[in-house]
Amino acid sequence: MTEDLQHLLDKIQKDGVDKAESEASRIVEEANSKAGDIVSKAKKEADEIIEKAKKDSETFEEKGRKSLEQAARDVVISARAGIQAAVTSVIKTETDAAINDETLSAMLLKVVEAYCSGAGSSEVLVNEADVEKLKGHVLSKLSEEAKSGITIIPEGTISKGFKVVLKDKNIEHDLTDTAITEALSRVLRPHIAAILEKSAQ
């Protein structure tokens, strides 16, 4: 009887130990599996964070580069506009200085002789202050035939220079300071742009 009891106790103990060892192995294996999953997930998340940070860094770098390029373009455009405005101002000043009474009379005489003689009715538009001076100087040097078809009249929008209108031919020659300045500026702009382009490189 005692042996049977001992045998039963031994069996219970062995079954309990086996079951505990089996349960412990299962728990360890499950813990290892979970730990592996956690590590794998953490590694994946870390890789995603690194990839996102890399992309964000590249995007930031690209945006920074584009912003810098745009700022450089803006500076060049602003400098070009400033230089062109300064050149136009110099041209205007020099043109105004060049169109004195003597030059104005000589220019007008040449234009009238070239375009107005025998052209029918023609008008010469000048600044009001120059009307009488030009009438006296230019008309006195023209032939009677040329004088008869030419009228010198004041035009309030002209500060220096003149416009010649060949009424019968619907032709207008603009030799005002403004027109001359614009023409010279157009000629110089490509050269200024080329110089700025070269200096920007």
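E62 is partly exposed, because its relative accessibility is 31%. The bands are these: buried means under 20% relative accessible area, exposed means over 50%, and partly exposed is in between, with a 1.4 Å probe and protein chains only. This is a predicted model, so local features need pLDDT of at least 70, side-chain atom pairs count only at pLDDT 80 or more, and totals for chains, interfaces and linings use all residues. Residues are numbered from 1 along each chain as its sequence is written, and side-chain values use heavy atoms, with hydrogens and water left out.

Now, which residue does E62 pair with? The side chain of E62 meets that of R65 in a salt bridge, 2.6 Å from N to O. By salt bridge I mean a side-chain nitrogen of Lys or Arg within 4 Å of a carboxyl oxygen of Asp or Glu. Both residues sit in helix 1, 3 residues apart, about one turn of the helix. R65 itself is partly exposed, at 39% relative accessibility.

R65 has another partner. R65 also forms a salt bridge with E69, with the closest N and O atoms 2.5 Å apart. R65 and E69 are about one helical turn apart because they are 4 residues apart in helix 1. E69 is partly exposed too, with a relative accessible area of 33%.

Elsewhere in the helix, look at K43 and D47. Their side chains form a salt bridge at 3.4 Å, N to O. Both lie in helix 1, residues 2–98, 4 residues apart, about one turn. How exposed is each of them? K43 counts as exposed, at 54% relative accessibility. D47 counts as partly exposed, at 39%. In total, the structure holds 6 salt bridges.

Step back to the whole chain. There are 5 helices and 4 strands. Those are DSSP runs numbered from the N terminus: helices are H or I, at least four residues, and strands are E, at least two. Along the sequence, the pattern reads α-α-β-α-α-β-β-β-α.

How much of the chain is buried? Buried residues make up 19% of the 201 residues. The accessible surface comes to about 14,400 Å², and 58% of that belongs to carbon and sulfur atoms. Those areas come from the Shrake-Rupley method with a 1.4 Å probe; for residues, only the protein chains shown count as cover.

Last, contacts, meaning heavy atoms within 4.5 Å. Of the contacts with a separation of 6 or more, 75% are between residues 24 or more positions apart.
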